[in-house]
2 protein chains.
Amino acid sequence: MSMDKLKEAYGEIADLVKAAAVLGWDQQTYMPPRGFAARGQQLATLSGIIHERMTADSMGRLIAEAKAGKLSEDDRHFLHELEFQRDRSAKLPAALVKALALQESRSFDAWQRAKAAKNFSIFAPELKEMVRLLREKAACFGYEGTPWDALAQDYERGTSAELVRAFFEPLRVATVDLLKRIEAAKQVDASFLEQKWDVNIQREFAMRVLRDLGYDMARGRVDLAPHPFCTSFGPGDVRITTRFSAENLFDGLSSVIHEMGHALYDMGFREEDHRTPLAEAPSLGIHESQSRFWEIRIAQSRPFWQHFLPILKQYFPGRLDGVDAEQFYRAVNVVEPGFIRVESDEVSYNLHIIIRFELEVKILSGELEVDDIPEAWNRAYKENLGLTVPNDAVGCLQDVHWAYGSFGYFPSYTFGNIFSALLVDKMEKDLPHLWSDVADGRVAAALAWLHRHIHQVGARRAPMDLIREATGQGPSAESLIRHLRAKYGDLYGLTS
Amino acid sequence: MSMDKLKEAYGEIADLVKAAAVLGWDQQTYMPPRGFAARGQQLATLSGIIHERMTADSMGRLIAEAKAGKLSEDDRHFLHELEFQRDRSAKLPAALVKALALQESRSFDAWQRAKAAKNFSIFAPELKEMVRLLREKAACFGYEGTPWDALAQDYERGTSAELVRAFFEPLRVATVDLLKRIEAAKQVDASFLEQKWDVNIQREFAMRVLRDLGYDMARGRVDLAPHPFCTSFGPGDVRITTRFSAENLFDGLSSVIHEMGHALYDMGFREEDHRTPLAEAPSLGIHESQSRFWEIRIAQSRPFWQHFLPILKQYFPGRLDGVDAEQFYRAVNVVEPGFIRVESDEVSYNLHIIIRFELEVKILSGELEVDDIPEAWNRAYKENLGLTVPNDAVGCLQDVHWAYGSFGYFPSYTFGNIFSALLVDKMEKDLPHLWSDVADGRVAAALAWLHRHIHQVGARRAPMDLIREATGQGPSAESLIRHLRAKYGDLYGLTS
């Protein structure tokens, strides 16, 4: 009875979170330019009410009453998640929560203008204010190491800058070594991709692939937005955004499949977990393991293109004559370090994350001033990837995360790669026909496996425990490193 | 100081109302079919919080404190509007407000399915529940005459079924007489409109017209939806929905211009009235006077087509050769009673309203059972318009209003015609070049006139007072009747 009351109280908070998500989706897809001021106020008011309700004394009483009653195992998981969220919310003054929400809209708007103008200085004043508010936020939470640690808990619970470095260092070393050996090896021919590809046809093909992979259009939709994302408004409404470029046949498709991986996760929570804190991933790294699984491990695999290349050729008749699946597979896996994270190859990808991670730790600690970000960014790209960044739009303005105050978020991308490698290892053991199925265009067994071992668990396990239970392995980057060496050793004929 | 606190408290309520409007817009434009259950919950939660905050004791204290202080004239208007809304909200139990919001989503979904299946019985169970809740709502408000009166206050303050009949009866008599004389007169040739008109080109032309008439695309947008509407999320974000039909060149354009009339009103409130109850029309009838002004009085006028027909011909090259502005003007004003309100001609339009008005008074009083609506509807169309309704989709399912529980809303459409006739009378006196300007494609002076006399006043006047002050005439249907007789007497060569 008191558990029911608590669930309804939380359910209303969940409704408000979803309502805010709808407003956020609209802001990035269809909102007219002059709408942003009022939208910022609306989102700030919603955040304020969510915070107020989460931290209300009445919620504390409901929790205490519920704990005094008989609890099922799921009730205990519910309470554990709720109390984590509530304790964290309680540490933030309502005024700061509102100020952050308001600043998000302002920074987002400035970021859009700055990116269009390729000029970081348009964004800098708003980012400074955001960083100031984030330092305040970190101070409210408290931390032992660095302010970054305090903020990162929202994305990867239990992490710290030190721990992240421990995970990332072996990967960084292996990646730098692998990139050197690839650079010295023979080149892969991808010149047949250098054509203009009609974006509307790209979009039609991407929709076809989505449907074939199991994304249910009655429960979702795909819209265009400057930054691709996935957002969930309930079990029957999980949306994707993306964008297509005529210069790049694979970029748009790849981002659609990535976001679909997130969407299949959100669509896969138990129906009865809807409006509870259990219909959540334990961490963003876990969420990212799903998007990267579909984007990289499936859609950049040899069997995937054995099935889909003939279909792609139907969408672009005469444009890929004489290209076979093996050539196409090699072309979409060309390793060529570039400026843009979301367009980067599987090997160099993690270096993008490591650069951002190190920068944001320094920005928050005050070691790096906001005005000096472009210079530090460009230096890091020179040092780590050997590239000279031509302008801020393809440099430090490329991602939306900082505009939204999402400092601590980036490492989740590489955790996603690490976790998905572990999942594939186990899936290959459990599903001996995995890759022959993919070559026949059948992925239902893989989806069902993820559904059972990841999606349906929801937030019932901590991130590392979930991976351990699903794969039987403790988490480390070793599986990912093995995969990268094997796949690219084969592709580039490297001697191991 | 206490006035400032009150304004912030109301501002947050206004933010929530706008947030709910965004969710409603999305539900009708882009939401995937399976999203409706969660959306209903989200809207119900928002309604509940809006109601809770509007009726909170703390709001009562803020009002009392504000009243004890020094008040400007605008403060007094603010308090007057707020107290009207609050008194009305206070009469409704929170549970009923929530139940109504939840039922709106359910009824809307059933209405969509019923309309697609042309079958009222799919909608009937949900409508019955809606009517049951509305009777409860009417009982909470209390009424002297009939339950309809209690509900109509939300749309046309101060009205009653009796009063509506007093306004409508002379109009009904004059309309029936005019229709008879038109039927006996020579026919207007509109056969050149009976072609297929590409809906994408129609849309491009409509966007061109919108821009030319003053709708600012940086502050709005146009999307497709089953039922055209206008919705405002703030002064910089006022959106329109519409739909186009290949069979009808004028229908889509007409509905776009209608909704634009609403949008120009919402864009025209004073910037400083945003987030206050003053950024509202005094009534829906006043709002409708703006949409009907642009849709009928401007876009169905002779000078309008003198300017826009040559432009339309550029969009449909070769399709209207040999048609001149006079012929086109006559064709878009053909009087031909039909089933569909939103497609009906200017003369018979008001009969559609009178039929719905009489039906909903009876439905709410219990004189007419929900299951008997199709029969009663079809009988009324036979008696008043001489038409046999072929199916429910073009009969009693054509409009969304009842699905949303908006009983009492329809008369506002005819009040809009009545008020806009009065406004045009005065505008013609104040702006001697009005019609020659329209013939040159210039409507800025007309828009400025409405801006000054209607838009910027916001909710500072009661509906009838606003019209009296703007036009110097007491409200009655006489001006509209005079206009209809003159325009259609001329068009059909009637002897007066």
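Mentor: Two strands pair if DSSP finds at least two bridges between them. Helices (H or I, at least four residues) and strands (E, at least two) are DSSP runs, numbered from the N terminus. This is a predicted model, in which local features need pLDDT of at least 70, side-chain atom pairs count only at pLDDT 80 or more, and totals for chains, interfaces and linings use all residues. Residues are numbered from 1 along each chain as its sequence is written, chains are lettered from A and ligands numbered from 1 in the order in which they are written, and side-chain values use heavy atoms, leaving out hydrogens and water.

Trainee: How many bridges join β1(B) to β3 of chain B?

Mentor: Three bridges link β1(B) and β3 (residues 238-242), which run parallel. Within β3(B), Ile240(B) is the bridge partner of Val222(B). The open sheet in chain B has three strands in the order β1-β3-β2, with mixed pairing. Its edge strands are β1 (222-224) and β2 (230-232), each pairing on one side only.

Trainee: How is a helix pair described?

Mentor: Two packed helices are described by the angle between their axes and the distance between the axes. Axes are lines fitted to C-alpha atoms, for helices over the stretch in contact (heavy atoms within 4.5 Å); angles run from 0 to 180 degrees between N-to-C directions. The axes of α1 (residues 2-29) and α4 (residues 73-90) of chain A come within 12 Å and cross at roughly 45°.

Trainee: Which residues of α1(A) and α4(A) make the contact?

Mentor: From α1(A) come Met3(A), Leu6(A), Lys7(A) and Tyr10(A); from α4(A), Asp75(A), Phe78(A), Leu79(A), Leu82(A) and Gln85(A).
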